[in-house]
Amino acid sequence: MSSHGRSGDAHIRPQPNRHTSNLKCNCNARDRQEVGRIALDDIVGVIAHAHGLTWSNTAFLRLTERAVPIVLCAQNHAPVACVWPLEGNHLQGARLNAQANASRPLVKRAWRDIVVAKIRMQGAVLASVGAEAGAFDMLARKVRSGDPDNVEAQAARRYWQALMGTDFRRDRTAEGANALLNYGYTVLRAMIGRAICAAGLHPSIGLHHANRGNAFALSDDLMEPYRPLVDRAVYNLVRDGCEQVSAEAKTALATLVSMDLSAPHGQSPLYVHATRLAQQLSAMFCGEVKELDLPTPPDALTMAGIALRSGNQ
C-alpha cells in the first residue's frame with residue numbers, strides 16, 4: 001500500500017468493525033473525502049511519501065501489531081526511515097543470537113548464492129529485451145564464496161547500459177527512470193523487511209551490506225535476486241511512456257509482489273517466496289538447512305508482461 005493524496009494531503013486512520021479492522025484513507029483536509037479502505041490483515045507494507053500526510057497513533061499501533069513495516073520516503077521516493085515492531089517471532093531471541101553469531105564461511109556462502117541468483121536474473125532480463133546476455137552466465141560461474149572479486153559490480157557495469165541505453169546512469173537523486181527504480185526497490189524493501197521480522201531476524205544485521213547507518217542491511221541483501229524484476233518493470237513503464245512516479249506507476253510496481261516466481265521447490269507469488277527465503281536463512285543460521293531456495297528467472301513472455309499499462313495488455 002502506498003499513500004499519494006491528490007491534493008497533497010492524506011489522512012490515515014483505522015476503521016474498526018465487528019469482524020476485522022480496516023485502514024481508511026481520506027484525501028483533502030477540508031472535505032475528508034474517502035479514497036480507499038483496505039483490511040489491515042491484507043497489507044504487506046505501507047510506503048508513505050505524500051506531502052502533508054498525517055496519521056492517527058492507533059493506525060501505527062494496529063499496523064505494528066500485525067508486523068507491517070511502515071516506510072517513510074523522501075521526495076526522491078527513496079526510504080529514509082522505517083517503523084518496525086519490537087515484538088516478533090516467538091523464537092526471536094534464539095534466532096537473533098544465531099544471526100549475530102553466524103560463522104563467516106556460512107555468511108559468505110549465502111552471499112555467493114544470492115549474487116549468483118541476481119546475476120542470472122539480470123542475464124534473463126537482458127535476454128528478454130533482446131540484449132546480449134551471454135556474458136552473464138559466465139560471470140555467475142565466476143562468483144566465489146563472499147564474492148571477493150566483486151563480480152556483482154562487474155555485472156552491474158555491463159547491465160545498466162545494456163538494459164536502459166548507453167546514456168543511462170543509475171542515480172538515486174535523479175528523476176524519471178531512476179525515481180521509478182527507487183520506488184520499486186522501496187516496495188521490495190518493505191516486503192522483505194516484513195518477511196525478515198516474521199522470521200525472527202533483524203533487518204540491520206546484513207550478510208554483505210554493512211554500513212553502520214543502514215537499518216535495512218539484511219533487506220538489501222535478500223532483495224538482490226528480485227531487483228532485476230523491478231528493473232524490467234521500469235523498462236516496460238518507460239518504454240510505454242510512463243516516466244514519472246504517478247499513481248498508475250505506483251500501482252504497477254506494487255503488483256510485482258504478487259507475480260508468480262519459480263524456485264527449485266515449486267512456484268509461488270513473490271511475497272510468499274521472499275517470506276520462505278527469510279525463513280530459510282533463519283533456519284540456516286540455526287544449522288537446520290544448508291541451502292537457500294533462491295528464485296529462478298521467469299520466461300521472456302512473463303517478463304514482457306510485468307507492469308504493462310492497461311492500454312497495452
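The model is predicted, so local features need pLDDT of at least 70 and side-chain atom pairs count only at pLDDT 80 or more, while totals for chains, interfaces and linings use all residues. Residues are numbered from 1 along each chain as its sequence is written, and side-chain values use heavy atoms, leaving out hydrogens and water.

**Overall fold**
- The protein chain has 11 helices and 10 strands, taken as DSSP runs (H or I of at least four residues for helices, E of at least two for strands) and numbered from the N terminus.
- Of its 313 residues, 49% count as buried, meaning under 20% relative accessible area with a 1.4 Å probe, protein chains only.
- Among contacts (heavy atoms within 4.5 Å) with a separation of 6 or more, 61% link residues 24 or more positions apart.

**Nonpolar cores**
- A nonpolar core is a set of buried Ala, Val, Leu, Ile, Met, Phe, Trp, Tyr and Cys residues joined through side-chain atoms within 4.5 Å.
- The largest one has 77 residues, and Ile119, Leu222 and Leu281 have the most contacts inside it.
- Leaving aside residues up to four places away in sequence, Leu281 touches Leu201, Leu207, Leu218, Leu222 and Leu292.
- Another core, of six residues, lies apart from it and includes Leu40, Ile43, Val68 and Ile70.

**Strands β9 and β10**
- β9 pairs with β10 (residues 266-269) in the antiparallel sense over four bridges; pairing requires at least two DSSP bridges.
- Leu261 stands opposite Ser268 in β10, and a hairpin of two residues joins β9 to β10.

Notes. Buried < 20%, exposed > 50% of the residue type's maximum accessible area, 1.4 Å probe, protein only.
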